[in-house]
Amino acid sequence: QTQLRESGGGLVRAGDSLRLSCAASGRTISGYGMGWFRQAPGKEREFVAHIVYSGDITYYADSVKGRFTISRRDANQILYLQMDNLKAEDTALYYCAVKMRGINSGAYLYPANYDYWGQGTQVTVSS
């Protein structure tokens with residue numbers, strides 16, 4: 001099994017930046033796509049970003065495109081989410097996940113295709 005632990009969240013002002021980290025332990029993550037999701041109170045878990053196993057292709061939700069950057073350092077078993085120009089609507093609990101299922105187009109969008117999840121790190125953006 002792969003264990004994931006997120007860190008780097010916090011309380012910031014609109015327009016500020018944060019970098020979230022996700023440290024993996026156990027099985028290597030180098031052969032799998034990884035993603036970030038977020039969930040705000042009273043809302044369903046929402047796709048944020050995904051990076052394929054090779055690191056050369058990324059996908060972003062329209063709401064974060066141009067502001068967030070997903071990256072990975074497989075040698076250190078770490079996934080990152082650089083969050084710039086944060087907005088109040090970015091406030092949520094952010095989760096990282098490893099995609100083990102789904103080879104169809106768009107599979108990265110859906111939580112059901114991710115088998116391992118972290119506990120989440122809270123990001124709060126005040127305006």
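## Strands and how they pair

Two strands are said to pair if DSSP finds at least two bridges between them. Strands here are DSSP runs of E with at least two residues, helices are runs of H or I with at least four residues, and both are numbered from the N terminus. With that in hand, meet S7 and S8: they run antiparallel and are joined by 6 bridges.

## About the model

This is a predicted model, in which local features need pLDDT of at least 70 and side-chain atom pairs count only at pLDDT 80 or more, while totals for chains, interfaces and linings use all residues. Residues are numbered from 1 along each chain as its sequence is written, and side-chain values use heavy atoms, with hydrogens and water left out.

## The overall fold

The protein has 0 helices and 11 strands. Its radius of gyration (taken over C-alpha atoms) is 14 Å, close to the 14 Å from the globule rule (2.2 Å times the number of residues to the power 0.38) for 127 residues, so the protein is as compact as a globular protein of that length. Along the principal axes, the C-alpha atoms fill a box of roughly 40 × 30 × 25 Å.

Of the 127 residues, 43% count as buried; that means under 20% relative accessible area, with exposed being over 50% and partly exposed in between (1.4 Å probe, protein chains only). A contact means heavy atoms within 4.5 Å. Among contacts with a separation of 6 or more, 57% come from residues 24 or more positions apart.

## The nonpolar core

In soluble globular proteins, nonpolar side chains tend to be buried together. A nonpolar core is a set of buried Ala, Val, Leu, Ile, Met, Phe, Trp, Tyr and Cys residues joined through side-chain atoms within 4.5 Å. The largest one here has 33 residues, and Trp36, Leu81 and Tyr94 have the most contacts inside it. Elements giving two or more residues include S3 (18-26), S4 (33-39), S8 (78-83) and S9 (92-99). S9 gives the most, with 5 residues.

Take a closer look at Leu81. Leaving aside neighbours within four places in sequence, Leu81 is in contact with residues including Leu20, Trp36, Val48, Phe68, Ile70 and Tyr94. S8 is mostly covered, with 5 of its 6 residues buried.

## The disulfide

The structure holds 1 disulfide (a pair of cysteine sulfur atoms within 2.5 Å). Cys22 is joined to Cys96, with an S to S distance of 1.9 Å. The pair links distant parts of the chain, as Cys22 sits in strand S3 and Cys96 in strand S9, 74 residues apart. The link is right-handed, with 55° about the S-S bond, and both Cys22 and Cys96 are buried.

## A residue near the start of the chain

Not counting residues up to four places away in sequence, Thr2 touches Ala24, Ser25, Arg27, Ile29, Val98, Met100 and Tyr116.
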